[in-house]
Amino acid sequence: GTLGNNGWYVSDVAVSWSVSDPESAFSSTGCGQTTISADTAGTILTCQATSTGGTASQSVTIKRDATAPTISGSAAPAANGAGWNNTDVTVSFTCGDNLSGVASCGPNQTLTGEGAGQSVSGTVVDNAGNSAGTTVSGINIDKTAPTISGSALPAANGAGWNNTDVTVSFDCGDNLSGVASCTASTTLTGEGAGQSVAGTVVDNAGNSAGTTVSGINIDKTAPTISGSAAPAANANGWNNTDVLVSFSCGDSLSGVASCGPNQTLTSEGAGQSVSGTAVDNAGNSAGTTVSGIKIDKTAPVVTVTGVANGATYPVGSVPSAGCSTSDALSGVAVNAALNVSGNVVGQFTATCSGAADKAGNLSAPVSVTYTVIYAWNGFLQPVDNSPTVNVVKAGSAVPVKFKLGGYFGLNIFFAPDFPKPFLVSCTASSYDAIEQTLNAGSSTLTYDTTAQQYVYVWKTEKNWAGQCRKLVVKLNDTTEHIAIFNFR
């Protein structure tokens, strides 16, 4: 048969005997051919022969082991539910042989390298030289953690703030065993600074990694803004200077990025307004308007009515003076008051005091100057008015009559020496004789209440004979009235 190792046959064994005796015949027992076809740990076969010369025997022990040993392999630690390990894997073999015994087994082996579908083979050999092999396959090792990165959308503005919900998403990957789980997207809806979301990735081998998306700032609330105007309006609601509108802004979370702008109103007008806007660092905004601002810088207009500056009015025909106050914007608060200075005739001044508008603007007093004169209607008979030359006897007393529009006393002349005669040449073409003269020793002034006229008895000089003189009647209203006389 086939002899294996250590005296063991690994196939059927045919045992035959050779018996000989050259001197005599013999007989034998157990010396026939025997085939051992079953494994045995030691079967003893004996052949015995007897001849005349005696008895001889021979034994042989046969060990047969034609059965291959057994081998099985296992990997430790066992793979997870996904069939992966994330540590070294030791493959161990278990061998057995029921007869000759195991001569060698394995060898055991530890896999340290990453990879999918790895395998380890092992061999068992028994003492008879029979062998068997097995392979532990499908070993998957992934020791490398997966990758994970996070991002937040929408992206924060330049100041690092959002004013809407922020969704944090994670991107996971694994180049070997593949991703088993990856944290789902999370939407942050609450306001707050420095918020964060943590994410974790696990691969099929059980390796894990994590990351945190932090520094998320959310402010959905608009800032606050209020406005004020300075200086404050007066009790009538008006200003008479520039008005500064200032804005005050606040934000309790992201902070104020811009406020206003402040603005100074310099133009006149009613119902003006200024709008301001507050923007926080998250981009939220709010606005307000300071309205109802009324500015009037112009003083009211005061004019003197009735009389004109530089005008001359006769007594009895003087218009009534008055004051007109107007204001085109805020309106009149205090009207101008009239004051007239003067005495019967001569220069008069009509003054309108300063007025005030509702904005507090004050106007300066306004005055006009005019002259009031007597209502002179010319000389009355017997005196003729110039250019007629009155002819009268020198030394006569001439009644010079005139009306002034009423009786104003006897102190009507400009000075005590008026009326006053002045020597002139007689060049007139018209002459008229004085029909009436009086006997008087001096010049006098009287008032005829019946005729409502003044009578100035002018006592002439005898030595004026052959002369021409003009009589100047200068009144205390500064007017001069002239009559020309030729003395005979």
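A salt bridge here is a side-chain nitrogen of Lys or Arg within 4 Å of a carboxyl oxygen of Asp or Glu. Searching the whole structure turns up 7 of them, so let's click through a few by that definition.

Before you start: this is a predicted model, where local features need pLDDT of at least 70, side-chain atom pairs count only at pLDDT 80 or more, and totals for chains, interfaces and linings use all residues. Residues are numbered from 1 along each chain as its sequence is written, and side-chain values use heavy atoms, with hydrogens and water left out.

**Stop one.** Select D12 and R64: their closest N and O atoms sit 2.8 Å apart in a salt bridge. D12 is in the loop between β1 (8-9) and β2 (13-15), while R64 belongs to strand β6 (residues 54-64), 52 residues apart. (Strands are DSSP E runs of at least two residues, numbered from the N terminus.) Buried or exposed, what is R64? R64 is buried at 9% relative accessible area, whereas D12 is partly exposed at 38%.

**Stop two.** Jump to K220 and D165, whose side chains meet at 2.4 Å, N to O. K220 is in the loop between β18 (208-218) and β19 (224-230) and D165 in the loop between β13 (147-153) and β14 (166-173), so the pair ties together parts 55 residues apart in sequence. K220 is partly exposed at 34%, and D165 is partly exposed at 33%.

**Stop three.** Finish at E480 and K474, a salt bridge with its closest N and O atoms 3.9 Å apart. E480 is partly exposed at 47%, but K474 is buried at 15%.

Conventions: Helix = DSSP H or I, 4+ residues; strand = E, 2+ residues; numbered from the N terminus. Buried < 20%, exposed > 50% of the residue type's maximum accessible area, 1.4 Å probe, protein only.
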